[in-house]
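Here are my quick notes on the model you sent over. Have it open while you read.

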Amino acid sequence: MTFHKMSALVLALSTAGAAQAALTAGDIAVIGRTNNTTPDAFSFVALSNISAGEVIYFTDNGWTGSAFRNTVNDGDGNENLLKWTAGSTIAAGTIINTATSSGFTTSGAVPNNVGGGGSFALLALATGGDQIYAFQANGTNLPLINVSTHLFAFDDTNGFENATGTGDGGITPGLVNGTTAVSINGNVAGTQALKSSFLGETHTRAEWLSIIGTAGNWSTASALPTGTLAITAVPEPTSGAIALAGLAVAGLVARRRKAA
């Protein structure tokens, strides 16, 4: 290992586990939806720890290939926009349900509405097929336009396609169908969710994303998932490991100087 690579390793080890200021794709995943209730509901799971104060937006506005539909003249788009704020630190594995969990903003105007239109609301999911997109935004103004990070995309029309109407939608940038996105053949009235047989299993974050992102792992359910998913923690480097890496770099520097 070269000196520069070893130095980079020490830096990486010393900063590992630092608090994450924002979320990344796959830090949450939608694991169930009900589209024939009033209001409709869905569940998502935190696959990484979420810091208190983090804000996630959800929309059923379809992705056209370059933007969410009809956001030019309306702050909530052609369909709905929902806001969720973590009131405290959310542990990885926690399942959040729009019908029973706190933190959702379901009323009030979207800040800086274009033309004065648009308000927050629970999603109204079409029984003939729809999407649920999760994302974060730059600031609070017009989040559908000012997206910073796409987190997860759910589709129940048996395939992502660029949106031209209220029932269709494409996969959003940075997401991958099968891991950070899922499209199921579930465009029927009722509850579709990750199969209950998986809920008692333990997997890594990456394994859970693969399981959730596989359409065959979803089925009709009597209720939305609740509780927690067990996530295998990835061990963080110990102080001893960091110290040993530092000693290795020091030894390499000493040998270089002696050779010179």
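1. Two strands count as paired if DSSP finds at least two bridges between them. Helices (H or I, at least four residues) and strands (E, at least two) are DSSP runs, numbered from the N terminus. By that rule, strand 4 (residues 81–85) and strand 6 are an antiparallel pair, joined over two bridges. Trp84 has Phe104 as its bridge partner in strand 6.

2. A word on the source: this is a predicted model, where local features need pLDDT of at least 70, side-chain atom pairs count only at pLDDT 80 or more, and totals for chains, interfaces and linings use all residues. Residues are numbered from 1 along each chain as its sequence is written, and side-chain values use heavy atoms, leaving out hydrogens and water.

3. Back to the sheet: it is open and mixed, with six strands running 6-4-3-7-8-9. Strand 6 (104–105) and strand 9 (181–183) are the edges; each has a single partner strand, so one side of each lacks a neighbour in the sheet.

4. Overall, the protein chain has three helices and 13 strands.

5. Have a look at Gln131, in strand 7 (residues 131–137). Is Gln131 buried or exposed? Gln131 is buried, at a relative accessible area of 0%.

Technical notes. Buried < 20%, exposed > 50% of the residue type's maximum accessible area, 1.4 Å probe, protein only.
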